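Please look at the fold as a whole before turning to single residues. The paragraphs below move from the overall architecture to a few local sites.

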Amino acid sequence: MLFRTLLFITVVLSWALSFAVGDESNKGEKVQSDMHDHDILQDTDQAVAPKAIDIPRCLLCVCLSGSVYCEDVSPEMSAVPALPKETAYLYARFNKITKIKNQDFADTITLKLIDLRWNLITEIEDGVFSRLANLEELNLSDNRLTKLPTLPIRPMSFNANFNKLTTQGVKSTAFKKLTRLAYLYLGNNELTAVPQLPVSLHTVHLHNNKIKTMTDETFCQGNTSYYIRANMHEVRLDGNPIQLWKHPYSFICLHSLPIGWYN
């Protein structure tokens, strides 16, 4: 009886030991398999992981599908930031930009709109806009400009209201060759004369300047009473020391007289 009992215990112990060894062996194989799979995944990740992308140029701005918004940037923005090459619309209002340099837009020939209102711009290097053949709207209002650079050739709208522009700082022919210009805003400046205006204009604002006089050819062609300036629909000259009643033939070619209050 004792012999049978010892035999039974021996068999059970042998079976248990063999099971434990097998289990440890399986665990080792599983660990090795898991490590192998991990290495494969790491290799795969390294193979397909995209290369580190160059840091976007919109660290201070928000860039969305060709539009760049740099409005009221904090800390204060004192210069035009680097722009993506595909930029078409730039909004950089309410900042402390003081100067526009030639290289600011050298790589962004796709620009269609530049809005730099409410900055502290005192200088724009000549030639800044010369390469921007697609520029349709340029807004420089509410700055500190005393003169204008050469403007782009295709704008439909130019706004320089609320600056310090003088007649000496604005060439008389600055707008004459801009054959697509429809909206011109030069109000609240220090102009003493009306610059030559392209026939394409629909609206021109020259209010609150220092304009004292004009001729019959400022808006019309003084040598003929048959000329009609068909596109011009709105003229503002209020807030100038000029007395319009002294120039009865200066507006004969227009659809309507200048709007606003006059002496």
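This is a predicted model: local features need pLDDT of at least 70, side-chain atom pairs count only at pLDDT 80 or more; totals for chains, interfaces and linings use all residues.

Residues are numbered from 1 along each chain as its sequence is written, and side-chain values use heavy atoms, with hydrogens and water left out.

The secondary structure of the protein comes to one helix and eleven strands, where helices (H or I, at least four residues) and strands (E, at least two) are DSSP runs numbered from the N terminus. Read from the N terminus, the order of the elements is α-β-β-β-β-β-β-β-β-β-β-β. Of the 263 residues in the protein, 38% are buried, a term that stands for under 20% relative accessible area, with exposed meaning over 50% and partly exposed the range in between (1.4 Å probe, protein chains only). Among the contacts with a separation of 6 or more, 43% are accounted for by residues 24 or more positions apart, a contact being heavy atoms within 4.5 Å. The protein exposes about 16,300 Å², of which carbon and sulfur atoms supply 57%; accessible areas come from the Shrake-Rupley method with a 1.4 Å probe, and for residues only the protein chains shown count as cover.

The loop between β1 (62–64) and β2 (67–69) holds Ser-65, whose phi is near 45°, a positive value in a residue other than glycine. Most residues other than glycine have a negative phi. Ser-65 counts as exposed because its relative accessibility is 84%. Asn-188, in the loop between β9 (183–185) and β10 (203–205), likewise is not a glycine and has a positive phi, of about 60°.

Tyr-69 is placed in strand β2, and its relative accessible area is 35%, so Tyr-69 is partly exposed. Together with Val-62 and Leu-64, Tyr-69 forms a nonpolar patch on the surface, with about 270 Å² of accessible area for the three residues together. Patches are made of residues with over 30% relative accessible area and no salt bridge, like charges being joined within 9 Å and nonpolar side chains (Val, Leu, Ile, Met, Phe, Trp, Tyr) within 5 Å; a salt bridge is a side-chain nitrogen of Lys or Arg within 4 Å of a carboxyl oxygen of Asp or Glu.

Glu-123 belongs to strand β6 (residues 123–124) and, with a relative accessible area of 37%, is partly exposed. Leaving aside neighbours within four places in sequence, Glu-123 is in contact with Thr-98, Lys-99, Ile-100 and Leu-145. The C-alpha atoms of Glu-123 and Thr-146 are separated by 8.0 Å, although these residues are 23 residues apart along the chain.
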